[in-house]
Amino acid sequence: MPKIEILESRCKGCGLCTIACPHKLVTLSSVPNSMGYTVAVFSSPEKCAGCALCAEMCPDVAITVFREQRS
């Protein structure tokens, strides 16, 4: 199962990741972070395909996608 990490300290809440996610699993938080940005949050990891489009779209390199290696 893929895992997504979003670094709140780097996210500026541009929303490009929310547009890029084909399953709409990345949304913007309703609560601002310490810098006043509504940061991206990831939901429903069981539905994530691990495509990493969210990470590719992030201009601030705030998203990392980890995938399990198959043996």
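Tutor: Let's start with Val61, which counts as exposed at 53% relative accessibility. Before we go on: this is a predicted model, where local features need pLDDT of at least 70, side-chain atom pairs count only at pLDDT 80 or more, and totals for chains, interfaces and linings use all residues. Residues are numbered from 1 along each chain as its sequence is written, and side-chain values use heavy atoms, leaving out hydrogens and water.

Student: Why is Val61 called exposed?

Tutor: The cut-offs are under 20% relative accessible area for buried, over 50% for exposed, and partly exposed in between (1.4 Å probe, protein chains only). Val61 has 53%, so the label is exposed.

Student: What else is there to say about the phi of Val61?

Tutor: Phi of Val61 is positive, about 50°, although the residue is not a glycine. Most residues other than glycine have a negative phi. Val61 sits in the loop between α2 and β4; helices (H or I, at least four residues) and strands (E, at least two) are DSSP runs, numbered from the N terminus.

Student: Which loop holds Ser44, and what is its phi?

Tutor: Ser44 lies in the loop between β3 (40–42) and α2. Its phi is near 55°, again a positive value in a residue other than glycine. With a relative accessible area of 24%, Ser44 falls in the in-between class, so we say partly exposed.

Student: How do you know that Asp60 and Lys12 form a salt bridge?

Tutor: The term asks for a side-chain nitrogen of Lys or Arg within 4 Å of a carboxyl oxygen of Asp or Glu. For Asp60 and Lys12 the closest N and O atoms are 3.3 Å apart, so the pair qualifies. The pair links distant parts of the chain, 48 residues apart: Asp60 is in the loop between α2 (53–57) and β4 (63–66), Lys12 in the loop between β1 (3–6) and α1 (16–20). Asp60 is partly exposed at 21%, and Lys12 is partly exposed at 44%.

Student: What does Lys12 contact, leaving aside neighbours within four places in sequence?

Tutor: Tyr37 and Asp60, where contact means heavy atoms within 4.5 Å.

Student: What makes Lys3 and Glu5 a salt bridge?

Tutor: Their closest N and O atoms are 3.6 Å apart, and the limit is 4 Å, so this pair passes too. Lys3 is partly exposed at 46%, as is Glu5 at 34%. By this rule the count comes to two salt bridges.

Student: Which residues touch the most other members of the largest nonpolar core?

Tutor: Of its 15 residues, they are Ile4, Cys17, Val26, Cys54, Ile63 and Val65. A nonpolar core is a set of buried Ala, Val, Leu, Ile, Met, Phe, Trp, Tyr and Cys residues joined through side-chain atoms within 4.5 Å. Leaving aside neighbours within four places in sequence, Val26 has contacts including Cys17, Ala40, Phe42 and Cys54.

Student: How do you know that Met57 is partly exposed?

Tutor: Met57, found in helix α2, has a relative accessible area of 40%, which is between the two cut-offs and therefore partly exposed.
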